[in-house]
Amino acid sequence: MTRPTFPMHVGVAEARQSLAALLPDPGTEVLPLAGARGRRLAADLAARVSHPSATESALDGIAAREADTLGASPDTPARLRVVGESRAGLPFAGTVEPGECVRIYTGAPLPPGADAICPVEQLAEDGPEHVLLRRPASPGDVRPEGGDFRAGELVLRAGVLLTPARVALAAALGHAEVPVRRRLRVALLSTGDEVREPGEALLPGQVYDSNRYGLAALLEECGCDVLNLGHAPDSPDALAEALAAAGGADLLLTSGGVSMGKYDFMRDLLIERGEVVFWKIRMRPGGPALLGRWGGLPVFGLPGNPVSSLVVFGVIVRPVLTGQPLRTLRLRAGTAFKGLPDKTALWRGVVSGGEVRDYGQQGSGVLRSLGEADVLVVIPEGPGVPVGEEVEVVWL
């Protein structure tokens with residue numbers, strides 16, 4: 001292997017910055033609202049209308065003048081004359097005068113002259129034209145015009161993920177189409193002579209290809225289009241052929257072949273025939289990761305150990321692909337967490353009762369731990385954290 005001429009053992013933040021610098025700007029596109037769920041807004045969205053569009057009732061009952069109902073009770077009910085009704089889409093055309101009321105339904109405009117609502121449960125009929133109120137009508141059951149948002153108000157910010165609730169909000173704002181970030185196209189390749197497809201018979205020393213399935217699911221969660229290149233054996237020629245199939249992708253993500261071994265050909269291929277931006281990150285698990293280019297295509301080589309592969313993706317790759325910082329918080333350490341003198345440690349932890357405890361098994365091959373742990377506990381380079389102190393955790 002040629003003598004390295006590239007940075008080695010970069011920090012976690014530097015690894016993120018280097019990957020972000022290599023990725024192309026995905027650009028934007030305009031999509032119909034019905035197809036925008038899961039995308040990120042490319043521009044701010046302002047309200048084209050006010051909501052509610054008129055002062056309206058929050059419930060079914062009668063609309064009246066509050067002053068006409070003060071003192072109403074079950075023993076001394078207020079008596080009002082019914083002069084009409086107001087319903088959504090068909091408001092009352094007149095004005096409520098003293099001693100009058102209008103039957104009203106949820107979402108219906110409040111008629112002029114009325115300023116309060118009495119719910120139907122507190123009403124009793126008194127002949128064909130009158131009702132009795134067992135309690136005063138309340139202004140609190142009136143929804144003011146624009147109480148949710150007003151026309152022209154900026155409501156959704158660029159960069160937010162369009163969840164189902166935000167899709168509904170965009171529709172309420174009056175937008176039939178929305179500008180969104182284009183999806184990044186990420187090619188995915190797993191490597192290794194020992195790797196087999198799930199369901200096949202295994203020989204001693206062979207493993208199922210868990211990395212490719214886990215990474216594909218993570219990429220889909222990040223809103224990427226995945227080009228699945230399958231699996232390549234430990235052969236420089238086979239790897240080069242697989243890399244050639246990644247044309248048109250914005251990023252190639254590989255797992256395996258980037259550590260210190262004789263058969264880590266992905267590392268050698270990029271060093272000798274491609275370009276390496278950095279090799280190794282000061283973190284555990286996941287240290288032997290590699291970033292480079294192959295014919296201009298950005299390549300991020302993840303370690304082959306399943307925990308290392310998924311942790312590096314979660315801590316380094318995911319924030320870059322989504323443009324969103326990691327979801328972190330600080331919790332009390334229920335057990336001591338070991339530190340490393342020259343690496344950021346990311347230990348799997350379990351959260352209970354407002355504190356986080358060491359999961360126990362922290363080996364890079366213990367994939368079960370990622371399925372059962374709640375968080376990654378971030379211990380910066382240096383001494384560890386004793387019981388009782390606060391630690392930063394990243395939600396898995």
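Me: What makes E6 and strand E10 a pair, and in which sense do they run?
Reply: E6 and strand E10 (residues 130-133) share four bridges in the antiparallel sense. Two strands pair if DSSP finds at least two bridges between them, so E6 and E10 qualify. Leucine 80 stands opposite valine 131 in E10. One caveat: this is a predicted model, where local features need pLDDT of at least 70, side-chain atom pairs count only at pLDDT 80 or more, and totals for chains, interfaces and linings use all residues. Residues are numbered from 1 along each chain as its sequence is written, and side-chain values use heavy atoms, with hydrogens and water left out.

Me: And where do the strand names come from?
Reply: Strands (E, at least two residues) and helices (H or I, at least four) are DSSP runs, numbered from the N terminus.

Me: How do you know which strands stand at the edges of the sheet with E8 and E9 in it?
Reply: The order in this open sheet of six strands is E8-E5-E7-E6-E10-E9, with mixed pairing. Strand E8 (116-119) and strand E9 (123-125) have a single partner strand each, so one side of each lacks a neighbour in the sheet. Neighbouring strands here are turned by 40° against each other on average, direction ignored.

Me: Why is the aromatic pair of phenylalanine 278 and phenylalanine 300 called edge-to-face?
Reply: The structure holds one aromatic pair. The two rings are 6.4 Å centre to centre, with 80° between the planes. Rings of Phe, Tyr and Trp (its six-membered ring) pair if their centres lie within 6.5 Å, and planes over 60 degrees apart count as edge-to-face (under 30 is stacked, the rest tilted), so both tests are passed. Phenylalanine 278 is in strand E19 (residues 275-281) and phenylalanine 300 in strand E22 (residues 297-302), 22 residues apart.

Me: What puts lysine 280 over the face of tryptophan 279?
Reply: Lysine 280 lies at 4.7 Å from the ring centre of tryptophan 279. A charge sits over a ring if NZ of Lys or CZ of Arg is within 6 Å of the ring centre and within 35 degrees of the ring normal, so the distance meets its cut-off.

Me: What makes H1 oblique to H6?
Reply: Helix H1 (residues 12-22) and helix H6 (residues 306-322) pack at about 40°, their axes 9 Å apart. Under 35 degrees would be roughly parallel, over 145 roughly antiparallel and 65 to 115 roughly perpendicular, with the rest oblique, so H1 is oblique to H6.

Methods. Axes are lines fitted to C-alpha atoms, for helices over the stretch in contact, and angles run from 0 to 180 degrees between N-to-C directions.
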